[in-house]
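Please keep the sequence and the model in view while going through the points.

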Amino acid sequence: MRSGIAWSFAVVAALSIGACGGGNSGTSSESANPEVVAPPAAKVDEGSAGNINGKVVLEGAAPKNEAIRMNADPVCVREAKGAQAQETFVVGDGGALQNVFVYVKEGLGDRQFDVPTNTVELDQEGCRYHPHVFGIRVGQPLEIVNNDPTLHNIHAMPKVNQEFNTGQPIEGMKSTHTFTAKEVMVPFKCDVHGWMNAYAGVMDHPYFAVTGNNGSFELKTLPAGSYVVEAWHEKLGTQTQNVTIGAKETKDITFTFKAS
Amino acid sequence: MLHRFAVLVAAATFVLILAGGMVTSTGSGLAVPDWPTTYGYSMFGFPFSKMVGGIFYEHGHRLIASTVGCLMIVLAFWLWRQDPRRWVRRLGGLALLAVVTQGMLGGLTVLFFLPDAISIGHAALAQIFFCLTVTLALVTSQGWTRGSDEAQGTSDKQSRLRRLAATTTALIYAQILVGAVVRHTGAGLAIPDFPLVFGGLLPPEWTAAIAIHFVHRVGALVVGAAILATIVHVRRTSASPELRRPAALLSVLVVVQIGLGGWTVLSERLAIVNTLHVGTGALLLATSLVLTLRAFKPLIGHPVVRRAVPEAATMLPSHSSRVRA
């Protein structure tokens with residue numbers, strides 16, 4: 001009987017700890033992995049370097065973006081102001097396609113590049129991520145900021161890097177993460193507000209860009225050579241092109257995605 | 001009173017399963033990144049006003065789970081104090097152990113970003129715990145303690161019913177496990193049409209997702225056949241309401257369940273439909289379990305219970321005066 005009582009108390013205690021246990025307030029920032037090896041970097045001779053400029057266009061009528069209903073959180077309804085839709089297809093004049101991540105996929109060999117120390121910011125405002133698509137270097141700090149007066153969780157779902165899920169219950173909270181390996185792309189989502197999504201291209205070199213509202217991109221100061229350049233879109237997939245540039249040469253290329 | 005409380009625990013557990021279904025169906029499993037705290041708050045200290053979006057489902061699930069855990073503690077203690085049957089008291093302890101383990105699995109799956117194995121284990125143990133609470137509700141009922149309408153329990157027909165009912169219950173549980181794999185591996189729309197499969201009877205190509213989805217559909221046919229066989233057998237061989245009623249309920253539930261399965265696919269996993277599919281699966285399992293237990297009742301030490309339990313038995317004051325059944 002005594003052992004039965006003791007067992008019962010043990011279970012009650014375990015449940016109580018589970019129900020009321022401690023934990024941090026979620027206000028501290030964290031780093032996914034601070035150990036980023038920085039091998040000696042070879043400087044690119046900017047005097048002889050070339051550029052790849054280009055544009056990404058969508059051929060055909062752009063699919064309609066899915067409407068977002070923020071009713072699940074009244075704060076989001078108030079902060080987002082007006083009708084909201086996903087940013088899957090942001091198309092400008094002449095089919096200019098925004099939010100395409102363009103990068104040098106192959107051709108840089110074993111060149112090493114300095115890791116920038118400035119932070120890349122991913123902002124949560126109006127219950128949306130800003131920017132929707134962005135690039136970041138391996139080892140470069142990613143600062144995630146909650147500028148909404150509501151709770152967000154930042155859930156990164158990489159395949160290669162370490163997955164993380166960080167809560168930011170208070171407006172103004174910041175968290176910092178770094179990625180340890182190149183990866184195209186790392187999706188982000190907020191599980192509280194299921195419509196919030198963003199994508200990060202994690203690069204081990206500086207030759208990447210995200211198309212703006214005119215669909216254009218620039219890959220600057222590339223050493224002369226032959227490269228495989230890839231354009232990634234969250235729905236339309238990827239396209240690649242082989243590009244060879246000589247010293248001080250600028251090549252223009254166009255990626256054309258078909259709306260189907 | 002004890003029986004009513006056991007029914008309450010079983011009903012609360014069913015609600016908990018529905019709440020868990022909504023968590024998965026709405027993709028809210030990681031809306032609260034920490035555990036056992038919720039955004040740093042203690043379980044019951046989290047402000048209701050902050051239960052928005054996915055947090056509503058995930059934290060709501062945690063609150064209901066905590067409530068069920070507390071109810072189960074009371075039930076286990078109550079059984080331990082007042083039920084004269086040792087096996088029933090042990091069953092209460094086992095159910096308590098199951099719900100504690102279930103809570104731990106729920107926490108682990110959050111902390112490890114919903115790994116399939118833990119999430120599926122969480123879903124599987126949920127059904128086991130539900131079965132335990134249904135069993136406790138059944139064996140504490142007057143209907144159980146007053147004895148069977150067909151108490152001999154030795155005829156070939158009754159033996160066949162026991163085999164059929166037990167097999168059907170096992171098949172339903174296996175089908176629920178496959179369903180859990182479908183849900184947690186994201187294979188729910190791997191076959192996008194219903195009732196056909198890519199417009200035919202077999203998939204034109206096989207992937208892991210298509211295979212597990214297809215197994216779930218074939219499983220539905222197997223379970224449907226097993227339930228049909230059980231129903232036919234009961235109707236042909238038994239006039240007992242305690243067998244005929246669950247058999248009739250099974251016939252309704254299996255039709256509803258297959259319909260909900262199809263609707264889940266055609267609605268592209270509409271959260272409420274998907275969750276009702278999970279809930280109806282649990283009801284099917286529980287109903288088949290009740291039928292099975294009633295079929296086995298004459299073999300489960302029932303005659304001793306029949307003498308000892310009636311109402312007064314629940315007021316036995318001490319351990320020493322209990323009847324060991």
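Predicted model: local features only at pLDDT ≥ 70, side-chain atom pairs only at ≥ 80, totals over all residues.

Pro195(B) sits in the loop between H6 and helix H7 (208–237) of chain B. The peptide bond that joins Phe194(B) to Pro195(B) is cis, with omega at about 5°.

**Backbone of chain B**

- Most residues other than glycine have a negative phi, and most peptide bonds are trans.
- Another cis peptide bond runs from Trp35(B) to Pro36(B), where omega is near 5°.
- Pro36(B) belongs to the loop between helix H1 (2–25) and H2 of chain B.
- Tyr39(B) is also found in the loop between H1 and H2 of chain B.
- Although Tyr39(B) is not a glycine, its phi is positive, at about 50°.
- Tyr39(B) has a relative accessible area of 4%, so this residue is buried, the limit being under 20%.
- Leu114(B), again not a glycine, has a positive phi of about 60°.
- The place of Leu114(B) is the loop between H3 and helix H4 (116–139) of chain B.
- Leu114(B) counts as partly exposed because its relative accessible area is 33%, which lies between the limits of 20% and 50%.

**Make-up of chain B**

- Chain B contains ten helices and zero strands.
- Read from the N terminus on, the order of elements is α-α-α-α-α-α-α-α-α-α.
- Chain B has 325 residues, of which 53% count as buried.
- Among contacts in chain B with a separation of 6 or more, 75% are between residues 24 or more positions apart.
- One residue to look at is Leu164(B), which lies in helix H6 (residues 156–184) of chain B.
- The C-alpha atom of Leu164(B) is 5.9 Å from that of Thr230(B), and the two residues are 66 residues apart along the chain.
- Leaving aside residues up to four places away in sequence, Leu164(B) touches Ala229(B), Thr230(B) and His233(B).
- With a relative accessible area of 17%, Leu164(B) is buried.

**Helices H2 and H3 of chain B**

- Helix H2 (residues 53–82) and helix H3 (residues 86–111) of chain B pack with their axes 9 Å apart, at an angle of about 160°.
- Angles over 145 degrees count as roughly antiparallel, and H2(B) and H3(B) are therefore roughly antiparallel to each other.
- The crossing of H2(B) and H3(B) is left-handed.
- On the H2(B) side the residues that meet H3(B) include Glu58(B), Met72(B), Leu79(B) and Trp80(B).
- On the H3(B) side the residues that meet H2(B) include Val88(B), Gly92(B), Leu96(B) and Val110(B).

**Salt bridges**

- Side chains of opposite charge can pair when their charged atoms come close.
- How many salt bridges are there over all chains? The count comes to ten.
- One of the pairs is Lys105(A) with Glu230(A), at 3.1 Å from N to O.
- This pair links distant parts of the chain, 125 residues apart, with Lys105(A) in strand E4 (residues 101–106) and Glu230(A) in strand E16 (residues 225–233) of chain A.
- Lys105(A) is partly exposed at a relative accessible area of 40%, whereas Glu230(A) is buried at 6%.
- Lys251(A) and Glu249(A) also form a salt bridge, with their closest N and O atoms 3.8 Å apart.
- Lys251(A) is partly exposed at 29% relative accessibility, and Glu249(A) is partly exposed at 28%.
- In chain B, Asp83(B) and Arg85(B) form a salt bridge, with the closest N and O atoms 2.9 Å apart.
- Asp83(B) counts as buried at 3% relative accessibility, and Arg85(B) is buried at 1%.

**Cysteines**

- A search of the whole structure finds one disulfide over all chains.
- The disulfide is formed by Cys76(A) and Cys127(A), with sulfur atoms 1.9 Å apart.
- The two cysteines are 51 residues apart, Cys76(A) in helix H2 (residues 74–80) and Cys127(A) in the loop between strand E5 (120–125) and strand E6 (128–130) of chain A.
- The torsion about the S-S bond of Cys76(A) and Cys127(A) is about -70°, so the disulfide is left-handed.
- Cys76(A) and Cys127(A) are both buried.
- In chain B, Cys70(B) is partly exposed at 44% relative accessibility, whereas Cys131(B) is buried at 13%.

Methods:
Residues numbered from 1 in each chain as written. Chains lettered and ligands numbered in written order. Heavy atoms only, no water. Disulfide = S-S within 2.5 Å. Helix = DSSP H or I, 4+ residues; strand = E, 2+ residues; numbered from the N terminus. Buried < 20%, exposed > 50% of the residue type's maximum accessible area, 1.4 Å probe, protein only. Salt bridge = Lys/Arg side-chain N within 4 Å of Asp/Glu carboxyl O. Axes fitted to C-alpha atoms, helices over the stretch in contact; angles between N-to-C directions. Parallel < 35°, antiparallel > 145°, perpendicular 65-115°, else oblique. Left-handed = near helix turned anticlockwise from the far one by under 90°. Contact = heavy atoms within 4.5 Å.
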